[in-house]
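User: I am new to reading protein models. Please take me through one, feature by feature.

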Amino acid sequence: MRFDFRNVVPADHKIMRLINRANVLNIIREKAPISRVEISKITGLKKSTISSIVNELISDDLVYEDSFGESAIGRKPIILRLKEKSRAVGVIDVRHVKTTVAVCDLGCNVLKSVEVQTSQGNDRGEAFFSELGQIIARMAEEVGIPLAGVGVSAPSMASHKDALIYLDRTHHWQNLPVRKLIAEHVKCPVYADNDGKAAALGALWFAPEAQDASSFVFIHVCEGIGVGLVIDHSVYHGAYSLDGHFGQSLIKMDGRWEEINQDNTWEDNASDLGAVKRYGEYSGKPWTGRVHEIEAQMEKVIALARQGDKYAIRALQETARYLGVGIANINCGLGPEKFLVSGRMVKVWDICGPELIRQVERQTYVRVKPIELLILPSNLPSPTFHGAQALVLHDIFRSYRLS
């Protein structure tokens, strides 16, 4: 293998200090209350180095000294905590019907939040995201905390690097410069990603069921299907940020190939849309509603299933079987440690889960671990909202920037 000299970064003192600073800040965030001595033990760094970094973080208004901790001998150590309200995190969670706009503190506590109607049409897309930028700026001013960044999650083909929406077939958006439109109103970095990858990052940060895995696949089932890949504790983005769109895959059920078109992909068959359409077919009441009606109709199907309605149960189980086909294909190709499934389907996991797992078992020839331990429901509330939060937090706590 040839060494790529173009990407050489000299490991000088400045870079090492920035890495150590990021590590110390993240330790305080996760383990506070904590003392300088405890941080030194965790990192292996000298106490003088830790004290210097902590003093810098205090000067930057990110950390504060709280009280004295306990000590069996000698002087009591001073406890350190993250100054949660020193910075604000802007969140824009774009969903098919409604968009949530919020401002949170560094502890992810929501300080202010509002829901707006998601705009339709490419001709209105630029005005819509510009308006979202104005709302975030106004909220930050009202809470009186400077923004550290704004995270945007959207159900679209999006470039994480450029914060650009390539294509959104539901809202008819194309080549929307999200970063530019929002940054015109806020004086901070703007990050954006598609909902599947954002949800995966949210799980990496906040979901207890993801903490013991270095690689997993997060599948968010809603009006469509969002998929995010986590490899070695990092969300994978591919060369052009177009990976993870497994929803457009061609699948085979009962010996026949599904015709691939905009109305008959894995996403259309294994999502809430698929369940709603299937219930209409089985009950003799074909569903002819629009995208903005899917959420309410899916909740109705779930409620009917809970009441024992045979058509609702059958629709959910068949949808779970379709979901299992796609998961089995991904598992054969990637072999992750686990799959985490989120969405309304999780509410009826006792109905859907067994059918999904049976389908994956049928397609899995070598089972290193039981399928019921490989595929788990995620109880993370609002994974795309948490994902938008994590887009900003990831830059603050898990990375370092050269000024």
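User: Let us start with one side chain. Is K180 buried or exposed?

Analyst: K180 is exposed, because its relative accessible area is 52%. The general idea: buried means under 20% relative accessible area, exposed means over 50%, and partly exposed is in between, with a 1.4 Å probe and protein chains only. Before we go on, note that this is a predicted model: local features need pLDDT of at least 70, side-chain atom pairs count only at pLDDT 80 or more, and totals for chains, interfaces and linings use all residues. Residues are numbered from 1 along each chain as its sequence is written, and side-chain values use heavy atoms, leaving out hydrogens and water.

User: Which residue does K180 form a salt bridge with?

Analyst: A salt bridge is a side-chain nitrogen of Lys or Arg within 4 Å of a carboxyl oxygen of Asp or Glu. K180 forms one with E184, and the closest N and O atoms are 3.4 Å apart. The count comes to 21 salt bridges.

User: Where do E355 and R358 lie?

Analyst: Both lie in helix α11, three residues apart, about one turn of the helix. E355 is buried, at 14% relative accessible area. R358 counts as partly exposed, at 39%.

User: Now sheets. In which order do the five strands of the open sheet lie?

Analyst: Strands of a sheet pair through backbone hydrogen bonds, either parallel or antiparallel. Here two strands pair if DSSP finds at least two bridges between them. The order is β6-β5-β4-β7-β11, and the pairing is mixed. The edge strands are β6 (110–117) and β11 (190–194), each pairing on one side only.

User: How many bridges join the strands β4 and β5?

Analyst: Strand β4 (residues 88–94) and strand β5 (residues 98–105) pair in the antiparallel sense over seven bridges. V91 stands opposite A102 in β5. By contrast, β7 and β11 run parallel, joined by five bridges. S153 has D193 in β11 as its bridge partner.

User: Why is β11 called largely enclosed?

Analyst: Five of the five residues of β11 are buried, so the rest of the structure largely encloses this strand. V190, A192 and N194 point one way, and Y191 and D193 the other way.

User: Which residues does T99 touch?

Analyst: Contact means heavy atoms within 4.5 Å. T99 lies in strand β5. Leaving aside neighbours within four places in sequence, T99 is in contact with residues including I92, V114 and F128. T99 is buried, with a relative accessible area of 0%.

User: And which helix packs on the sheet?

Analyst: Helix α13 (residues 383–397) does, touching β4, β5, β6, β7 and β11.

User: Last one. What share of the chain counts as buried?

Analyst: Of the 403 residues, 52% count as buried.

Technical notes. Helix = DSSP H or I, 4+ residues; strand = E, 2+ residues; numbered from the N terminus. Axes fitted to C-alpha atoms, helices over the stretch in contact; angles between N-to-C directions.
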